[in-house]
Amino acid sequence: MALHWSALGEVAAVSIGATVAVAVVFTLGVRAMLNHQDARESGRGSAAALAGAAVCFLACGAAVLYGLYLIIPQFHD
Amino acid sequence: MAHITFLLVVVIITALAFDFTNGFHDTANAMATSIATGALRPRVAVLVSAVLNVVGAFLSTAVAKTISGGIVNDGLITLGMIFAGLVGAILWNLLTWLLGLPSSSSHALIGGLIGAAWVGAGLRAVDFYEVLEKIIIPAFAAPLVAGLAALLATRLAYRLSGRADEESVTRGFRFGQIGSASLVSLAHGTNDAQKTMGVITLSLISAGALPTGSGPPTWVVLTAGLAIGLGTYLGGWRIIRTLGRGLTDIRSPQGFAAETASATVILTSAHLGFALSTTQVCSGSIIGAGLGRRRAQVRWSTAGRMAVAWLITLPAAGLIGGAASAVVVHGGTAGTVAVAVVAVAAASLIYLLSRRSPVTADNVNDARNVTVNPQPAPASN
């Protein structure tokens, strides 16, 4: 049973960590995107905000791709 | 030989029927929150989910070599018992659908098989230690983990997005929801369609139609994938309403957090070899997301009804499966026909009852509750 509980703990830790990480990065992406839009409306340049949003969304896209990798057995068998 | 062929055909049809109920019972898991927040229109959501379920069914080559992961002794179980177990699972799935309760299709299948094997082949056909380790413990742990993950993710999403104009924030998260919900659908297809393929393949093997250790023939993959896809597309609107509207009022950041939590818990545990109920994971995520937003209420009465359904799913499906097994094992072909007739009659009755207060793509978001026997005055809704 000891092994079993540690596996369960691993599932819990990895799941919570990954969920929180994706949610935080996506939220920061949404926020950066909104900052970019605000800045553009007021006529200022906002390349930094746009780049920040792009990095965040790309990171989330990478997480989705990793999810696909885990789902599709042809990729890792 | 003719007898075996008849029974085999009955088992295959019943397995596909179970796969179909599995599909519409579980549409809600991936899509309920997306439908509730308006990230996807109801009919689009079920179409996306159905397509991804079929794709998932074709993707995964790792078919379960045992019917139920070693919980039931495959060497002692006969075709008649598989049939009886499937009947138990189907009837329980239909009954919980009628009541709008998101119970686990996997637990219904395993419960039905346990009941049928216990009655048909005795206690030694069931490994209760496996039941504890593979079913009972994950059933308590998974929703808690998913709920905690969704709670933390929701809280952080609200804190970090901290904007007054919630409209634009909402739009961003709706977009993210589509991605996370699609992952849940795909993962569901790779898991749940496999179970039916495994049941049909083992039935073919035990009837001598396939050599021992064979994988599923193409027609089995095709029919099982289509059965679950069709069920998903029809949409278990009653259950979608309960999960999307009944538990808590979901907004798009919560929906995104809940679906992300569900996807990660399902993927992580599958990767580490835990067989989880998608339904319980997704319900836990939604409750967690509800607790994560300030001033959001979780309707604990609905959550409580759901928890009761979880607890009794396995034994209830087991009781029906056991009763059916007794008739099939002692009644032979006549018993099998009798069970089939009773099962079809019961399924039809449940369907007719559902027509008294139908929940469809058009009214799924209109109310929080699923009723079976509506009051004559619908205006007082």
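What area is buried between chain A and chain B? In this predicted model, the figure is about 3,200 Å². Carbon and sulfur atoms give 80% of that area. Chain A brings 32 residues to the contact, and chain B brings 38 residues. The count of salt bridges between chain A and chain B is zero.

Within chain B, a pair of helices was examined. Two packed helices are described by the angle between their axes and the distance between the axes. Helix 5 of chain B spans residues 128–161, and helix 10 of chain B spans residues 278–292. Their axes come within 7 Å. They cross at roughly 35°. The crossing of helix 5 and helix 10 of chain B is right-handed.

Residues from both helices form this contact. Helix 5 of chain B supplies A139(B), A142(B), P143(B), A146(B), G147(B), A150(B), L151(B), T154(B) and R155(B). These meet Q280(B), V281(B), G284(B), S285(B), G288(B), A289(B), L291(B) and G292(B) in helix 10 of chain B. By class, the contact between helix 5 and helix 10 of chain B holds nine nonpolar residues, seven polar residues and one charged residue.

T14(B) lies in helix 1 of chain B, which covers residues 2–37. The relative accessible area of T14(B) is 10%. Buried means under 20%, so T14(B) counts as buried. Leaving aside residues up to four places away in sequence, T14(B) touches F83(B), L86(B), V87(B) and I90(B).

Note on methods:
Residues are numbered from 1 along each chain as its sequence is written. Chains are lettered from A and ligands numbered from 1 in the order in which they are written. This is a predicted model: local features need pLDDT of at least 70, side-chain atom pairs count only at pLDDT 80 or more; totals for chains, interfaces and linings use all residues. Side-chain values use heavy atoms; hydrogens and water are left out. Helices (H or I, at least four residues) and strands (E, at least two) are DSSP runs, numbered from the N terminus. Buried means under 20% relative accessible area, exposed over 50%, partly exposed in between (1.4 Å probe, protein chains only). Contact means heavy atoms within 4.5 Å. Axes are lines fitted to C-alpha atoms, for helices over the stretch in contact, and angles run from 0 to 180 degrees between N-to-C directions. A crossing is left-handed if the near helix is turned anticlockwise from the far one by less than a right angle, and right-handed if clockwise. Ala, Val, Leu, Ile, Met, Phe, Trp, Tyr, Cys and Pro count as nonpolar, Asp, Glu, Lys and Arg as charged, and the others, Gly among them, as polar. Buried area is the accessible area (1.4 Å probe) that two parts lose on being put together, summed over both. A salt bridge is a side-chain nitrogen of Lys or Arg within 4 Å of a carboxyl oxygen of Asp or Glu.
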